[in-house]
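This report considers selected helices, loops and a pocket of one protein model. The sequence and the structure come next.

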Amino acid sequence: MTPSRDISRLIEIMAALRTPVTGCPWDLEQDFATIAPYTIEEAYEVADAITRGDFDDLREELGDLLLQVVYHARMAEEQNVFSFGDVVEAVTRKMIRRHPHVFGDENGVVTSGHVAENWDRIKAEEKGERAARRPQDTPHPSLLSGVKTGQPALGRALDLQRKASSVGFDWNNPREVLRKIREEADEIEQALDRGDKEELAGETGDLFFAVVNLARHVDANPEMALRGANAKFERRFGYIERTLAARGRSLESATLEEMDALWDEAKTKESPAPTR
C-alpha cells in the first residue's frame, strides 16, 4: 500500500483497516459512537489551524477530518446503509440545489443577500423533506426541536436552556443555580461511593449542564469562560515548568507539594497589586 493523491486510496486503506482478522484490532473495535468524539476533535483542530494561519497544519488537519468522513462511511457500508460514494452524491446534489444562480436558470445580477435568502429557503425545504421521511414519534414538535443537535455540547446546552427560559422554565437568580451545582456535586460524591462508572458519567454531565446554567445567569459565555480557564491553566503550569527548569529540575523530579507551591506563586504574581 502506497500513498496517493487519489481519494480511492484512502478508501482502500480504511477498508483494509476494517477487514476482520487482517485489519487493525483497534479500528475493528470502533463504531459510530466511539469515533464521533474524534470527528468533533478533528473539526476543532481544523479551526485552530485556520486561527493560527498555519497552512501546513491546515493541510494535515483537513486530511484527518477527511479520514473521519471515510471512517464513518466505511462503517455504514459494512452495515449496508450507505457508502462513501453516496455521501459525495448527497452533498453534490445539495450544493447544486442550493446554488440555482450558478447551476440553474436564474438570470440577472445576483447579490450575496439574494444567495443567502435562497440558501435559507432551500435549506428549510430540505429540512421539511427529511422530516416528512422520518417516522413521527410525537404528535407535535417540541419547543426544543429547533435547537441544532450537531453543535458542540457546551453551546447546545446554552441554547436548550435559553429556549426553556423563553417560556418561564428557569431559575430566578444565580444563587439558585449555585445551590443546584452544590446538589449535583453531592450526587457525584454519592456516585463515587457506589463506584458506578455509568452513573458517574451521568452525574458529571448534570454538573456540566448546571455550570452552563450559572454562566448564562451571570452573563458569561460558557465557551469563552472555559477558554479563559484553559489559558489560565496553561499560563500557571508554564510558570511551574520555567521555575523548575531555572532550578535545574524537571517536572518528573518535583513533588506535588512543590508544584502546588509554585502554582500558588503564579496565582499571586497574576493578582493585581492592592490600590492605596
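Helix H4 covers residues 55–78, and at 1.5 Å a residue its 24 residues should span 34 Å; the end C-alpha atoms are 35 Å apart, which agrees. Helices here are DSSP runs of H or I with at least four residues, numbered from the N terminus, and the expected span is 1.5 Å times one less than the number of residues. The model is a predicted one, in which local features need pLDDT of at least 70 and side-chain atom pairs count only at pLDDT 80 or more, while totals for chains, interfaces and linings use all residues. Residues are numbered from 1 along each chain as its sequence is written, and side-chain values use heavy atoms, with hydrogens and water left out.

Among the buried residues of H4 are Leu58, Glu61, Tyr71, His72 and Met75. A residue is termed buried under 20% relative accessible area, exposed over 50% and partly exposed in between, for a 1.4 Å probe and protein chains only. The buried residues of H4 pack against helix H1 (7–17), helix H2 (25–29), helix H3 (32–52) and helix H5 (84–98).

Alanine 49, a residue of helix H3, counts as buried at 1% relative accessibility. Apart from neighbours within four places in sequence, alanine 49 is in contact (heavy atoms within 4.5 Å) with Asp54, Asp57, Leu58 and Glu61. Alanine 49 and aspartate 186 are 137 residues apart in sequence and, C-alpha to C-alpha, 40 Å apart in space.

Helix H11 (residues 222–246) can be examined in the same way: its 25 residues should span 36 Å at 1.5 Å a residue, and its end C-alpha atoms are 36 Å apart, which agrees. Its buried residues include Pro222, Arg236, Tyr239 and Leu244. Helix H8 (153–165), helix H10 (197–217) and helix H12 (256–270) are among the elements that cover the buried residues of H11. At the start of H11, the backbone nitrogen of glutamate 223 has a side-chain oxygen of asparagine 221 within 2.9 Å. For H4, the corresponding pair is a side-chain oxygen of aspartate 54 and the backbone nitrogen of aspartate 56, within 3.2 Å.

| Residue | Phi | Location |
|---|---|---|
| Asparagine 80 | near 60° | follows H4 |
| Glycine 248 | near 75° | follows H11 |
| Valine 21 | about 75° | loop between H1 and H2 |

Most residues other than glycine have a negative phi. Valine 21 is exposed, with a relative accessible area of 83%, and aspartate 219 counts as exposed at 74%.

Glutamate 184 belongs to helix H9 (residues 174–194) and counts as buried at 5% relative accessibility. Beyond its neighbours within four places in sequence, glutamate 184 is in contact with Glu203, Asp206, Leu207 and Ala210.

Of its 12 lining residues, Ala90, Lys94, Glu126, Arg130 and Arg133 are the closest to its centre. H5 gives the most to this lining, with 5 residues, and both H5 and helix H7 (112–133) supply at least two. A pocket is an open set of points on a 1 Å grid over the protein atoms alone, where a 1.4 Å probe fits, with protein on both sides within 12 Å along at least five of seven lines; lining residues have an atom within 4 Å of a point. The lining divides into 2 nonpolar, 2 polar and 8 charged residues, where Asp, Glu, Lys and Arg count as charged, Ala, Val, Leu, Ile, Met, Phe, Trp, Tyr, Cys and Pro as nonpolar, and the others, Gly among them, as polar.

How values were computed: A polar contact is a pair of N or O atoms within 3.5 Å; within protein, one must be able to donate a hydrogen and the other to accept it, and residues adjacent in sequence count only if both atoms are side-chain atoms.
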